[in-house]
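Grab a pencil and get ready to look around a protein model. Try each exercise yourself before you read its solution.

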Amino acid sequence: MNWEPWTGCYKVSDGCTYCYFYGLHAKRYGQNTIQKTDKFDWPIRINSKGEYNIKGDKILATCFATDFFIPEADEWRAEVWSMIKSRPDIEFLILTKRIDRFEVALPDDWGVGYNNVNIGCTVENQELADYRLPIFLSHPIKRRFIACSPLLTSIDLTPYLHGVEHVTVAGESGREARICDYDWICAIREQCMDANITFWFKSTGSLFKKDGVVQKVNPFKQGSLAKELNLSIVGDKKLF
Ligand code: SF4
């Protein structure tokens, strides 16, 4: 289940180059404009029976059509943190390419982090891993994961896996997608195995290279092909 308190975004790093949410599509959908949605207060909205619209015991993926830490939302974020705190029965999943803005508008009572917040730091190449992950690890966060998405090069995550629960990997989608190499994925999987953390190969992306051959993968098959390759190590963990 997704919750988008605001929408709109713009490029912050190489992985954004062909993002659906801005660029060509922005003209049509107005996605360069950062604006609150009509679901802004959704987690705390009450129905006619006086109950929360969203029942508890759920994972709510937040800001997948924007970035939680985008500067334009700084003035709204305190209210969103307060809603998140008031729903300890929901696990909020926040994925960001702007981890260097994590502390802006962080609540005073954040302490070592809220139990129900799982923050994912996205890294698409080694340079961004070396920049973002030390920052990510320096913040007080109780639950962390790394998303190599879209994976654009091989990445050595080894120095950064302590204190991280999980790594997700996906290739790039879309007409202009860049190649994602099976060997890069296997290498990250090995790193996760050595660190004893879970790993999910979510999607091959549109151009997938394996055994020296690049194959074009239909958008509807990218997830199922990744699954067929049977690389994920998830144990009894719920996949997000
Ligand atoms: S941060 Fe995410 S949503 Fe924003 S432009 Fe980049 S890829 Fe798209």
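Predicted model: local features only at pLDDT ≥ 70, side-chain atom pairs only at ≥ 80, totals over all residues.

Residues are numbered from 1 along each chain as its sequence is written, and side-chain values use heavy atoms, with hydrogens and water left out.

**Exercise 1. The span of a helix**

Work out what span helix H2 (residues 74-85) should have, and compare that with the model.

Solution. Start with the naming: helices (H or I, at least four residues) and strands (E, at least two) are DSSP runs, numbered from the N terminus. Next comes the rule, in which the expected span is 1.5 Å times one less than the number of residues. With 12 residues, H2 should span 16 Å. Finally, check the model: the end C-alpha atoms of H2 are 17 Å apart, which agrees.

**Exercise 2. The buried side of H2**

Find out which residues of H2 are buried and what they pack against.

Solution. Buried means under 20% relative accessible area, exposed means over 50%, and partly exposed is in between (1.4 Å probe, protein chains only). By that rule, Trp76, Arg77, Val80, Trp81, Met83 and Ile84 are the buried ones in H2. They cover an arc of only 160 degrees around the axis, so they sit on the same side of H2; the arc is taken from the directions from the helix axis to the C-beta atoms. The buried residues of H2 pack against strands E1 (2-3), E2 (6-7), E3 (35-36), E5 (90-96) and E6 (117-122). Contact here means heavy atoms within 4.5 Å.

**Exercise 3. Thr37 and its neighbours**

Is Thr37 buried or exposed, and which residues does it touch?

Solution. First locate Thr37: it lies in the loop between E3 and E4. Its relative accessibility is 19%, so Thr37 counts as buried. Skip the residues up to four places away in sequence, and Thr37 touches Glu4, Pro5, Trp6 and Thr7.

**Exercise 4. Ala129 in its helix**

Look up where Ala129 is found, then list its contacts.

Solution. Ala129 belongs to helix H3 (residues 126-138). Its relative accessibility is 0%, so Ala129 is buried. Leaving aside neighbours within four places in sequence, Ala129 is in contact with Val123, Pro134, Ile155 and Tyr160. For a distance check, take Asp156: Ala129 and Asp156 are 27 residues apart in sequence and 8.3 Å apart in space, C-alpha to C-alpha.

**Exercise 5. Salt bridges**

How many salt bridges does the structure hold, and which residues are linked with Glu172 in a network?

Solution. A salt bridge is a side-chain nitrogen of Lys or Arg within 4 Å of a carboxyl oxygen of Asp or Glu. The structure holds 13 of them. One of these joins Asp89 and Arg87 at 2.8 Å, N to O. Asp89 is partly exposed at 36%, whereas Arg87 is buried at 1%. Then there's Glu124 with Arg132, whose closest N and O atoms are 2.9 Å apart. Here Glu124 is buried at 0%, and Arg132 is buried at 3%. Last, Glu172 pairs with Arg178, the closest N and O atoms being 2.9 Å apart. Glu172 is buried at 4%, while Arg178 is partly exposed at 23%. To finish, Asp14, Glu172 and Arg178 are linked in a network of salt bridges.
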